[in-house]
Amino acid sequence: GVQPQTILKALCFVNPPGKNLCFSNAAISCILNIPMMKLLFEIKEKEFHGNSVLEQIFSLSKSTNFSKSSTENIRNLVQKRCFEAGQWTKTFDDNRQHDTGEFLLSFFEHLFNEEVIPISFREKLFGGLCQNALECKCGYKEEMQIQQMPAVIPIQISDESIQTCFESYFLSEDIDWKCP
């Protein structure tokens, strides 16, 4: 049978004048619509204490009036965590198009840095693992380290459909590489 499509509920967070929050508003709205994240909030609520990123996202998930809620605190918190970790280039508030992807990647990185969320839950949430491989024309193949973190992959929109953009992203690519 046909699976029903999931419809995102628009969570319209406030964007005060002079604040660049549209990227974090969009990202948090999407995160709060992921069914597995909702389940996480229900089953792990007591374990959030001490993980300030989880506490903030949980607080936003419990909001009853999103038009009076703001993602400014969580954006500032994730940015502070980036600076504390020595990630000085993670600014994601410079009014450039990559802000949403950069914020999402940093959010997930600092969310999953803590052991509150088990690896099995992460795999259910994101559907598996990621691994790149380099293969030489001589047949030598080197597989890169498996990544368990979710990856925010920027895909160049240069075609007529999202499907063809995904397909072109996953094509192999010729690079300069010194085969051992």
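Predicted model: local features only at pLDDT ≥ 70, side-chain atom pairs only at ≥ 80, totals over all residues.
A contact here means that heavy atoms lie within 4.5 Å.

**Entry: overall make-up.** I noted seven helices and two strands in the protein. I then read the order of the elements from the N terminus on, which is α-α-α-α-α-α-β-β-α. Of the 180 residues, 31% count as buried. The protein exposes about 12300 Å², and carbon and sulfur atoms supply 52% of that area.

**Entry: helix α3.** I asked which residues of α3 are buried. In this helix, which spans residues 52–61, they are Val53, Leu54, Ile57, Phe58 and Leu60. These residues lie on the same side of α3 because they cover an arc of only 160° around the axis.

**Entry: Ser69.** I located Ser69 in the loop between α3 and α4, the latter being residues 72–84. Is Ser69 buried or exposed? Its relative accessible area is 12%; buried means under 20%, so Ser69 is buried. Leaving aside residues up to four places away in sequence, I found that Ser69 touches Phe13, Val14, Leu60 and Ser63. With Ser63, the side chain of Ser69 also forms a polar contact of 2.6 Å.

**Entry: a nonpolar patch.** I recorded a nonpolar surface patch of about 440 Å², made by Ile162, Phe166, Tyr169 and Phe170. Phe170 is in the segment after α7, a helix covering 162–169. I noted a relative accessible area of 59% for Phe170, which is exposed.

How values were computed
Residues numbered from 1 in each chain as written. Heavy atoms only, no water. Buried < 20%, exposed > 50% of the residue type's maximum accessible area, 1.4 Å probe, protein only. Helix = DSSP H or I, 4+ residues; strand = E, 2+ residues; numbered from the N terminus. Arc of directions from axis to C-beta. Patch = residues over 30% accessible without salt bridge, like charges linked within 9 Å, V, L, I, M, F, W, Y side chains within 5 Å. Areas by Shrake-Rupley, 256 points an atom, 1.4 Å probe, with all protein chains shown as cover. Salt bridge = Lys/Arg side-chain N within 4 Å of Asp/Glu carboxyl O. Polar contact = N/O pair within 3.5 Å; in protein donor to acceptor, adjacent residues only side chain to side chain.
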